[in-house]
Amino acid sequence: ISNQCSPLPCHEDGYKDCIDGQAKYTCVCKPGWQGEKCEEDINECEDLNGGCSQRCSNLPGSYRCLCEDGYFMHSNKWDCGGRKTHLVHYFINLLCLFAVCAMNNLNKSFCMLPFILDIDECAENVCAQLCVNSPGSYSCYCDGKKGFKLSKDMKNCE
C-alpha cells in the first residue's frame, strides 16, 4: 500500500501535517485554516471583529487589527488609542506659553523652547513594525527581507 500523503493532497499553505492511513489520509491544519485539505482560510474578523477595537483585516491563515486615521495601535496589537487628544493638549499648552512670553516680554530662548522639544510619536506605537523618530515627525519602515512593504497609509506593512 502506497503512502497516501505522497504526492501531498493537503493545501500547501494551510496544512501542518499529513497523516498516512489505510487507503486514506488526514490533513492536520495550521491555526487559521480549515477544511478536509486545509484549503479554507478562517476569517477571524467575522467573529467579534477578531477582538480588534476598530478595524480587522483578514489575512491568509491569520488576521491583523488596524486603527482609524488619527489613532495608534497599543502594544497589545488589538486596541487603538487616540493621539488627537494628546496633540490638542500640546498645542493648548504651546499657545499659553506664547501668551505668557508676550505679556511678560520674557527671554526669547525660553519662549522658543516648545520648538526644541519633540514629541516621540514612536513611543505611541504609530507604526506596525519599525518607527524612526525625528524632530517634529517620524517615519515607518517594514522588514523587506521578510517580504513586507509599507502600505499606502504609510504606517502598516503588507
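# A tour of the predicted model

Select M154 to begin: this residue counts as exposed because its relative accessibility is 52%. Exposed means over 50% relative accessible area, buried means under 20%, and partly exposed lies in between (1.4 Å probe, protein chains only). Accessible areas come from the Shrake-Rupley method with a 1.4 Å probe, and for residues only the protein chains shown count as cover.

This is a predicted model, in which local features need pLDDT of at least 70 and side-chain atom pairs count only at pLDDT 80 or more, while totals for chains, interfaces and linings use all residues. Residues are numbered from 1 along each chain as its sequence is written, and side-chain values use heavy atoms, with hydrogens and water left out.

**Overview**

Now show the whole chain as a cartoon. The protein has three helices and ten strands. Both are DSSP runs numbered from the N terminus: helices are H or I with at least four residues, strands are E with at least two. Reading from the N terminus, the order is β-β-β-β-β-β-β-β-α-α-α-β-β. The protein has 158 residues, of which 27% count as buried.

Most residues other than glycine have a negative phi, and most peptide bonds are trans. Return to M154, which is not a glycine but has a positive phi of about 60°. M154 sits in the segment after β10 (137-141).

Next, select C38, another residue other than glycine with a positive phi, here near 60°. Look for C38 in the loop between β3 (33-34) and β4 (40-41). Is C38 buried or exposed? C38 is buried, because its relative accessible area is 0%.

Then select S6 and P7. The peptide bond from S6 to P7 is cis, with omega near 0°. P7 belongs to the segment before β1 (15-21).

Select β1 and strand β2 (residues 24-29), which run antiparallel and are joined by six bridges. Two strands pair if DSSP finds at least two bridges between them. C18 has C27 of β2 as its bridge partner. Two residues lie between the strands of this hairpin, where A23 takes a positive phi near 55°.

Move on to strand β5 (residues 55-59) and β6, an antiparallel pair with five bridges. R55 is bridged to L66 in β6. The β5-β6 hairpin also has two residues between its strands, and G61 takes a positive phi near 80° there.

**Surface patches**

Select E68 in the loop between β6 (62-66) and β7 (71-73). E68 counts as partly exposed because its relative accessibility is 36%. A salt bridge is a side-chain nitrogen of Lys or Arg within 4 Å of a carboxyl oxygen of Asp or Glu.

For a nonpolar surface patch, select L130, V132 and Y141, which make one of about 280 Å². L130 lies in strand β9 (residues 130-134) and is partly exposed, at 48% relative accessibility.

**Last stop**

Select H74 in the loop between β7 and β8 (80-82). H74 is partly exposed, with 33% relative accessibility.

Notes. Patch = residues over 30% accessible without salt bridge, like charges linked within 9 Å, V, L, I, M, F, W, Y side chains within 5 Å.
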